[in-house]
Amino acid sequence: MKSHRWFTPWALVLPALIWLFVFSIWPTLNTIRLSFTNTKPLGGGDFVGFRNFVDLFKDEQLGYALLNSAIYMVVCLPLLTIGPLLIAILIQKKLPGITFFRTAFYTPVIASAVVVGLMWTWLLDDRGLINNMASSLGFIQGPLPFLTDRWLVLFSAISLTVWKGLGYYMIIYVSALGNVPKELHEAAAVDGASVVRRFFNVTLPSLRNTIVLVSILVSVSALRVFSELYILTGSKGGPGGQDMSVVMLIQQYARGFYGDLGYASALSIVLFVVTIVPMLVLVRINRKANDQ
Amino acid sequence: MRKYAPGLAALAAASMALAGCGGTSQAKQPGSEAIAGEVSLQTWSLTPKFTDYLNDVIKGFEAKYPGTKVKLVDQPGDGYSEKVLTQAGSGTLPDVVNLPPDFALPLARQDMLLDVSAVDDTLHDTYVAGGLSAFEYKGLNGTWGFPWYLNTDVNYWNTGKLNANGLDGKNPPKTTDELFEQARILHDKSGGQEYLLSRKPGVDDFTRAGIAILAEDGKSVVFNTDGAAALLDKYRDAYKNGYMPPTVLNNDYLGNSKLFTEGKVAWTTGGGNSIPSFEKDNPSLEGKVVATPSLDLPPLYVQGLAVSSKSKNRPAAVALAKWVTNAENQGKFAHLVNIFPSTKSSASDPYFSMSDGTPASDAKVLAFKGLETAGNLQPYEINGAMSDILSQQIALAIKGDVSSKQALDDAAEKINLMLSRG
């Protein structure tokens, strides 16, 4: 019954394998190699052992960046996993004017990150809309330093990420909700289950894989945040560089004629490890739940 | 003899090729070889605005050297350093390339540029000293580009704001101390609504204050002095007292110029051609902006034309770079846009030294006069990442989170670590 030669499957997957090797495996291996060198864009390349990794421990900005990333993920994960789900359920209802809300929630997704960042900069400026309104209503005496205080900058950026991400993850949930069998809801309703009970006993179990997927996507993008902090801090990472993310730090060291590609590669490896850990944890939690 | 001729010609050709492969031997004089063939010229964000000018210059070159053909490539303004970096890395640098001195330094270090002093012994007779020294670097022997056009900064004041808040628009600050004092008056008289200062200090301010930035060997920074800390303290106190907008801690390069254009602050620095831009972007500034000379040492901004050391047509490349940067062509360019020629003979052109009485023309004349004393205020060894680190620490000090000396020490430590990595 064999209807093809031995190499046919390999020929079919070859383009994908080449793509994977050229754009994923080779760059990854090269980054690991570079992290042990002093490579510059126009020279260097000598083996320096673990010097770049030793320097990482002396870099207090990396400490700030890792802390920022951790906070970013801890805050974004629940907000962007649960919030879009609730909105998705809400906009599924056939209510008057619901199309407006569907559009309104999705609009931030299609707006450029740079444009959104600039808009928020104008909103949060010391003479921006929010400070002016709060001041004219008598809530504050002086402007709140949204763009210069170490923590306010971070939480302003998190707000921006959440605002922009709600619509994106909402769409994923909307499509998953369409796959939840109506019969289950109807059967539960016939059995007298309330709306809340149906949500917890029918909707949530049906969406578990989607929720894990969204959690992974949120975690990874939160740990790799760049645009929001870059724009809100005018590219400098705030006073003392305390509002930098790891990606900003990589960009700071890798750019330009003098880019320190060895050190930036060592930072990239740290980011890779930091990113993969929560992903593995979430996958493991999901697998355990499936086994049960 | 005739039968040996092909062999001798081949030997001669091979010798010339070997000489051409000499990389940095660079001992040829212009004129020793025929100037002919195709040569590429890369400019930075000059088209379409100056396409006609560039075409005229190229046409003139091709007419002067029959048999030459110039291929013009203009790169967009954004991402130029990345573009040049890619060209350099892949060995496709154009024959003649527009580079500012900070872009030229890393290329010169890697032997990718021609030492133009080895091929032109009239450099010092032709170009102003400041323009030439911008392409001479510590630890490298040579001149790594022909200076092209120059610019500097002057001060711009919003006299409407000064006059309305107890200051004299005809007598704006002339020193840094006066600047801080008038910033206080403006702030207090306006009930905290107006600002004069809107930028935090940087390396250039340290240089203006006479503080050395780099050690003699260029391998470490030495700006973390008590003098620099005292300067930072002035800014810290001004920030604390509300004389600067809080977002100044995040500002980017165009920060104070943007705020000035928006009418949010009363002082900025800018090139000699800034008044028309201010008035175009914000017509309410019309008639209110006056220019004064730089407070201390004016900065010197230099653009240059470098020749690739790997150029396959070096004689034509050198001739083209000299042609574009000669007094006549630079003079024509400076009449089109407010830049200044780097050629000594252009100084006698009254166009640069005589004002027609308008504020914009006054500003141009001030800038031209400022060039006499202008200098490079930021060593080219201090790259973007190092500037960012210094900027972050200065922001921390101005905010009052750490002492000025501590911030400078921390910045110096990090920058020295980066310099030690080579």
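Guide: Let us begin with contacts in chain A: of those with a separation of 6 or more, 69% join residues 24 or more positions apart. Please bear in mind throughout that this is a predicted model.

Visitor: How many helices and strands are there in chain A?

Guide: Chain A has 13 helices and zero strands. The C-alpha atoms of this chain fill a box of roughly 80 × 70 × 30 Å along the principal axes, and 42% of its 292 residues are buried.

Visitor: How is the packing of two helices described, for instance helix 3 and helix 7 of chain A?

Guide: One states an angle, an axis separation, a handedness and the residues at the contact. Helix 3 (residues 60-92) and helix 7 (residues 150-177) of chain A pack at an angle of about 35°, and their axes are 6 Å apart. The crossing of helix 3 of chain A and helix 7 of chain A is right-handed. At this contact there are 26 nonpolar residues, six polar and one charged.

Visitor: May we turn to chain B and its strands? Which way do the residues of strand 5 of chain B point?

Guide: In a regular strand, side chains alternate between the two faces of the sheet. In strand 5 of chain B, Val154(B), Tyr156(B) and Asn158(B) point one way, while Asn155(B) and Trp157(B) point the other way. Five of the five residues in this strand, residues 154-158, are buried.

Visitor: Which strands pair with strand 5 of chain B, and in what sense?

Guide: Strand 6 (residues 267-270) of chain B pairs with strand 5 of chain B in the antiparallel sense over four bridges, and there Tyr156(B) stands opposite Thr268(B). Strand 7 (residues 289-292) of chain B also pairs with strand 5 in the antiparallel sense, over four bridges; in that pairing Asn155(B) stands opposite Thr292(B).

Visitor: How does the span of helix 10 of chain B stand against what is expected?

Guide: Helix 10 (residues 226-240) of chain B has 15 residues and reaches 20 Å from its first C-alpha to its last, close to the expected 21 Å. Its buried residues include Ala228(B), Leu232(B) and Tyr239(B). Among the elements covering the buried residues of helix 10 of chain B are helix 8 (176-189) and helix 17 (384-399) of chain B. After helix 10 of chain B comes Gly242(B), with a positive phi near 85°.

Visitor: Finally, a loop residue: where is Leu167(B) found, and is it buried or exposed?

Guide: Leu167(B) is found in the loop between helix 7 (159-164) and helix 8 of chain B. With a relative accessible area of 12%, Leu167(B) is buried. Beyond neighbours within four places in sequence, Leu167(B) is in contact with Leu162(B), Gln182(B), Ile185(B) and Leu186(B). The C-alpha atoms of Leu167(B) and Arg314(B), 147 residues apart along the chain, are separated by 58 Å.

Terms used: Residues numbered from 1 in each chain as written. Chains lettered and ligands numbered in written order. Heavy atoms only, no water. Axes fitted to C-alpha atoms, helices over the stretch in contact; angles between N-to-C directions. Left-handed = near helix turned anticlockwise from the far one by under 90°. Nonpolar A, V, L, I, M, F, W, Y, C, P; charged D, E, K, R; others polar. Expected span 1.5 Å × (residues − 1). Buried < 20%, exposed > 50% of the residue type's maximum accessible area, 1.4 Å probe, protein only. Contact = heavy atoms within 4.5 Å. Pairing = 2+ DSSP bridges.
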